[in-house]
Amino acid sequence: MKSLISFFEKIGYSITSRIKRLGTATRLFFLILISSGESFKRFHLTMKEIYFTGVMSLVIIIVSAFFVGMVLGLQGYYTLQKYGSSEAIGVLVALALVRELGPVVTALLFAGRAGTAITAEIGLMKATEQLSAMEMMAVNPVGRIIAPRFWAGVIAMPILASIFSMVGILGGYVVAVIVIGVDEGAFWSQMQANVDFRYDIVNGVIKSLVFGVACTTIALFEGFDAPPTAEGVSRATTRTVVTSSLVILGLDFILTSFMLGG
Amino acid sequence: MSDNLINIENLTFGYGKELLHKGINMQFQKGKVSAIMGGSGSGKTTILKLIGGQIKPNSGSVSIDGQVVHDQNLSGIYQLRRKMGMLFQHGALFTDLSVYENVAFPMREHTDLPENIIKDLVLMKLNAVGLRGSYKLMPTELSGGMARRVALARAIALDPDIIMYDEPFAGLDPISMAVICDLIRTLNDALGATSIIVTHDVAETFSFADYIYFVADGVVAAEGSPKQLMASKLPFVKQFIHSEKDGPVPFHVAAPSYNSDLAL
């Protein structure tokens, strides 16, 4: 009986602590929005963070996009060939990238590269009392440290996703047109005719914006909430990747169902 | 009018149900260097956090220049903190900024001074701590003593009325320790500030502090000038000053009997 009670206690504790963390994260999110004035008044603070989260992520984004595009080109060609519509490879690659793979894979890579860096940086700043020092200097750390990183992530994500889609299409072009020999005119014209700006591209940008808000908020919250120890920071960094990945995939399903439904 | 800049009255504070402070009374006089001493875990640093408004007391009050710290809203607390400078135990320098930018940080955040004035002020502050020649270095390139001196230059960047030092001597070699001691006294007198040092280094603190509080078991166990405390017959003060292994602060932490633990 005792062990049964303890079992339910553990479940209850786990649920309440998760709800508490969700509440704290939501509170931090609104605090960021309230304290965002500095991020725009002193835009160089945000620009510096855009460089660290965006520009420094370019290599991994471009290389991954190129390979993803090439794989899409290969797989798509061999499937479409069976139905005699190999010219549609351009549309397939473009739609897959612009609608889904661009925003989703970019967000997953962003969580792994920039998200972990943000969590570790904020966590270590907390562990080494840099955030306390800032508070004691009458400087709000949420406005000075957290908000510029948040807006940098939100601005960088759609740009990175767009670059991912463009480079991915180039990868598909290299495999389909240059290597396999699909007609170049058909590749581009089918893409131009079937990719809708509002329905496909804008929806993709909306997705990446939402992923940007989610990923950056998670990374910042995990760093800000991390116990100020080496182990605490390491666990927080791991949680950033796991939580961000699950949230991105979950949100992708929800957003896609709304977008297709609309 | 009282000469006390900071008043702590009947202060109680605890994390959870356990009380760390059980009715502390302290007064810090304007222009003086006061020290708070006591064993590890006695809540010395917590007193600095209470003065800085980073945490709220359970009861009692902390007031600065007549203003009760925990009655202020966030902007009121930030106004009070503009009068304070704090040196953290390991410096807490911003690792992504150079020495120069670390010292310039409070000036850039709180003033609209032109860059040439900021440059002059930063170099003057760094000169005061003897590190003008190191302004280009990054915090990772500094030794522990140098990092603390830079942090001290940053703490006095806006000429605060109150300077708080959290364990300023921890982990320093004897030369750096002597330098920091000298700086605390010199800067306090030059700026006309009020300094509060949290430490457990007896020899250094007794050499330059004006007034000392000993904290033990959540209360002020003893207080007075270094001379008065040196002559104190209180067992706790004697044990602390003479670094005695056993006394009112026991060597062994409370535990079940030795025999029962070893199953004898």
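What percentage of the 262 residues in chain A do buried residues make up? Start there, please, and then lead me across to the other chain.

Modeller: Keep in mind that this is a predicted model. Buried residues make up 44% of the 262 residues in chain A. Now look at how the chain is built. Chain A has 10 helices and 0 strands. Take the contacts in chain A between residues at least 6 apart in sequence: 87% of them join residues at least 24 apart.

Zoom in on helix α5 of chain A, residues 89-127. One partner is helix α4, residues 58-82 of chain A. The two helices pack at an angle of about 145 degrees, and their axes are 10 Å apart. The crossing of α4(A) and α5(A) is right-handed. On the α4(A) side, the residues that meet α5(A) include A:I60, A:V68, A:G73 and A:L80. On the α5(A) side, they include A:I89, A:A96, A:L101 and A:R113. What kinds of residue make up this contact? They divide into 14 nonpolar, 5 polar and 1 charged.

10 residues of chain A are in contact with 14 residues of chain B. On the chain A side of this contact, 5 residues are nonpolar, 3 are polar and 2 are charged.

Chain B has strands, and they form sheets. Strands of a sheet pair through backbone hydrogen bonds, either parallel or antiparallel. Look for the open sheet of 4 strands in chain B, with the order β2-β1-β4-β5. Its pairing is antiparallel. Strands β2 (18-29) and β5 (67-68) of chain B stand at the edges. Each has a single partner strand, so one side of each is left without a neighbour in the sheet. Inside this sheet, β1 (residues 4-15) and β4 (residues 59-64) of chain B pair over 5 bridges. For one example, find B:I6, which stands opposite B:I64 in β4(B). Helix α1 of chain B, residues 44-51, packs on this sheet. This helix touches β1, β2 and β4 of chain B, and its direction makes about 115 degrees with that of β1(B).

There is also an open sheet of 6 strands in chain B, with the order β6-β7-β8-β3-β9-β10. Its pairing is mixed. Its edge strands are β6 (84-87) and β10 (219-224) of chain B, and each pairs on one side only. Neighbouring strands of this sheet are turned by 15 degrees against each other on average, direction ignored.

B:A35 has B:I212 in β9(B) as its bridge partner. On the other hand, 5 bridges join β9(B) to β10(B), and these run antiparallel. B:V215 has B:V220 in β10(B) as its bridge partner. The hairpin of β9(B) and β10(B) has 2 residues between the strands. In that hairpin, B:D217 takes a positive phi near 50 degrees.

The largest nonpolar core has 133 residues. Those that touch the most other members are A:C215, B:V150, B:A151, B:A153 and B:M164. Set aside the neighbours of B:A151 within four places in sequence, and B:A151 is in contact with B:L87, B:F88, B:G91, B:A92 and B:L93. Helix α3 of chain B, residues 99-110, has buried residues too, among them B:V99, B:A104 and B:F105. Their cover includes α4 (115-128) and α5 (144-155) of chain B.

Finish with a residue in a loop. B:G171 is found between β7 (162-166) and α6 (174-191) of chain B. Is B:G171 buried or exposed? B:G171 is exposed, because 12 other C-beta atoms lie within 10 Å, and 12 or fewer counts as exposed.

Technical notes: Residues numbered from 1 in each chain as written. Chains lettered and ligands numbered in written order. Predicted model: local features only at pLDDT ≥ 70, side-chain atom pairs only at ≥ 80, totals over all residues. Contact = placed C-beta atoms within 7 Å. Nonpolar A, V, L, I, M, F, W, Y, C, P; charged D, E, K, R; others polar. Pairing = 2+ DSSP bridges. Axes fitted to C-alpha atoms, helices over the stretch in contact; angles between N-to-C directions. Left-handed = near helix turned anticlockwise from the far one by under 90°. Core = buried A, V, L, I, M, F, W, Y, C linked by C-beta atoms within 7 Å. Buried ≥ 20, exposed ≤ 12 C-beta atoms within 10 Å, placed from the backbone.
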